[in-house]
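Welcome! Take a moment to look at the sequence and the model before reading on.

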Amino acid sequence: MTFHTHHHEQVAEELYDIFESSFDEIFVTDAHGTVIMVNSACEQYYGLSKSDFVGKHVRELEEQGIFYPSASLQVIESKQALEIVQKTDKSRYLHVRARPIFYKNGKLKSVISYSRDLTDLMELSHQVDKMEQQIEFYKRELVQTQSDITGIIVHSDKMKKVFQFIERVSVVDTTILILGETGVGKSRIARLMHDRSSRKTKPYYEVNCAALPETLIEAELFGYEGGAFTGGLKQGKKGLIEKANCGTLFLDEVGELSLSAQSKLLHVLQEKKVRPIGGTKEIKLDIRIVAATNQSLEEMVKKGTFRRDLYYRLNVIPLYIPPLRERREEIIPLVHHFLTVFNERYNRNVEFSPKVFEAFLKGEWPGNIREIENMVERLVVTSERIVTIRDVPFLQQETYTSAHLSLHQKLEELECRLIQEAYEEFGSSYKVAEELGISQSSAIRKIQKYTRGIE
């Protein structure tokens, strides 16, 4: 009996050590929302002791403004795990994951929330970058040139594998075909591969094959002799392939090349030579080709719009860049990154509310990194200091139009959303009432019903 008692005490002590040493804040409430226990990380996040939390209801803590919104309350109401962005009274943003714990009979037992400071995540990322630079493989100095490679965020396992792959293939001269949706960062990655290669001090040229008309793309790529065609320069012009000799040429949207240009590019890849339009002499080349496309070249080959032999020449080493919806853990760091960049560029001090971050996190982003970058720049340039979800209706999810809901349910969801947005923006039942044209007593009831918070 003594042995079992001692064993249980030892296990309990070890579990407590694990609980306390977690990098994340661990926040536990009972089924009604009363705080049962928290670990020491909360003292760092909120500037309060653990005793300030234990025994209090999360609604009370939310009303005091210590954090908003409460993840625990939302889990108690929905009985489902969730992931939100939370703001503290110290103006810090926390990434919160909360999950319900049930008894065997299915009744809710407790709610456990795990919170991590987004600022600390960014600092952790910087520390990892510094540590990696100590490894021999990463000692090659990056050349800073006109092409900006910022905005590449690596937090997900998928992107870590991509960058491990980049490190391996950057040191060889094999042709690379980068695959991925528009805006995933293909051009930045092509530039990064050049800057980490032995050609980093040599020329780097990039051409978007979709940006030039078919009549000009060949002249741009292969160059031409003087008098080769009407409208050309008398002295002729060097093509980008010749200009990039000894360096790297990046062909973006390579699937847009005409069949004629494809034929000439195939000759370049096979013979390592280029002949300007109208010329008779071929120029020897020592060049590395990196191509990219958001199309299925394989399908184009079947349709006869892309040469099969060129496809095989380009597709020596394919590199697939996953879309953001497959690596959502990088969305919030990306938003933070671009928010910092554009605040500095335009001398602004714009902040995003938790629900704005949450909307970014939940978005599909078909335009990927480029779309998020453009969206953040737009908000920084056009918004007041604090951006709330009310200011960005194009980020909101139209949940109240769900077909299976009754008219009453749809109206209630719309009312819920309007109250939440107004309370997030104004933080006062009086101002909410004034803004929505309702009595203050009605505003108080609705705020209590929909936000679980009141002034």
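Two strands pair if DSSP finds at least two bridges between them. Helices (H or I, at least four residues) and strands (E, at least two) are DSSP runs, numbered from the N terminus. This is a predicted model, in which local features need pLDDT of at least 70 and side-chain atom pairs count only at pLDDT 80 or more, while totals for chains, interfaces and linings use all residues. Residues are numbered from 1 along each chain as its sequence is written, and side-chain values use heavy atoms, leaving out hydrogens and water.

**The open sheet**

Let us begin with the strands. Six of them form an open sheet in the order β2-β1-β6-β5-β4-β3, with antiparallel pairing. The edges are taken by β2 (35-38) and β3 (67-68), each with a single partner strand, so one side of each is left without a neighbour in the sheet.

Within this sheet, β4 (residues 82-88) and β5 (residues 93-102) pair in the antiparallel sense over six bridges. Here leucine 82 stands opposite alanine 98 of β5. The hairpin of these two strands has four residues between them, and serine 91 takes a positive phi near 60° there.

On we go to β6 (residues 108-117), which runs antiparallel to β5 and is joined to it by nine bridges. Valine 96 stands opposite serine 115 in β6, and the bridge partner of leucine 94 in β6 is aspartate 117. The hairpin of β5 and β6 has five residues between the strands, and glycine 106 takes a positive phi near 90° in it.

**The nonpolar cores**

Now for the inside. A nonpolar core is a set of buried Ala, Val, Leu, Ile, Met, Phe, Trp, Tyr and Cys residues joined through side-chain atoms within 4.5 Å. Buried means under 20% relative accessible area, exposed over 50%, and partly exposed in between (1.4 Å probe, protein chains only).

The largest nonpolar core has 30 residues, of which Leu221, Ile241, Leu249, Leu251 and Val254 touch the most other members. Among the elements that give two or more residues to this core are α8 (214-222), β11 (248-252) and α10 (259-271). Helix α10 gives the most, with five residues. Which residues does leucine 249 touch, leaving aside its neighbours within four places in sequence? Its contacts (heavy atoms within 4.5 Å) include Tyr205, Leu221, Ile241 and Val290.

A second, separate core has 29 residues, including Leu324, Leu361, Ile369 and Val376. One of these, Leu361, is among the buried residues of α14. That helix (residues 354-362) is mostly covered, with eight of its nine residues buried.

Methionine 159 sits in helix α6 (residues 157-169) and counts as buried because its relative accessibility is 2%. Methionine 159 and arginine 327 are 168 residues apart in sequence, but 7.9 Å apart in space, C-alpha to C-alpha.

**Salt bridges**

A salt bridge is a side-chain nitrogen of Lys or Arg within 4 Å of a carboxyl oxygen of Asp or Glu. By this rule the count comes to 20. Three of these pairs are listed here.

| Pair | Distance (N to O) |
|---|---|
| Arginine 196 and glutamate 167 | 1.8 Å |
| Arginine 199 and aspartate 173 | 3.1 Å |
| Arginine 325 and glutamate 181 | 2.3 Å |

In the pair of arginine 196 and glutamate 167, arginine 196 is buried, with a relative accessible area of 16%, and glutamate 167 is buried at 2%. Arginine 199 is buried as well, at 6%, whereas aspartate 173 is partly exposed at 43%. Asp24, Arg97 and Arg116 are linked in a network of salt bridges.
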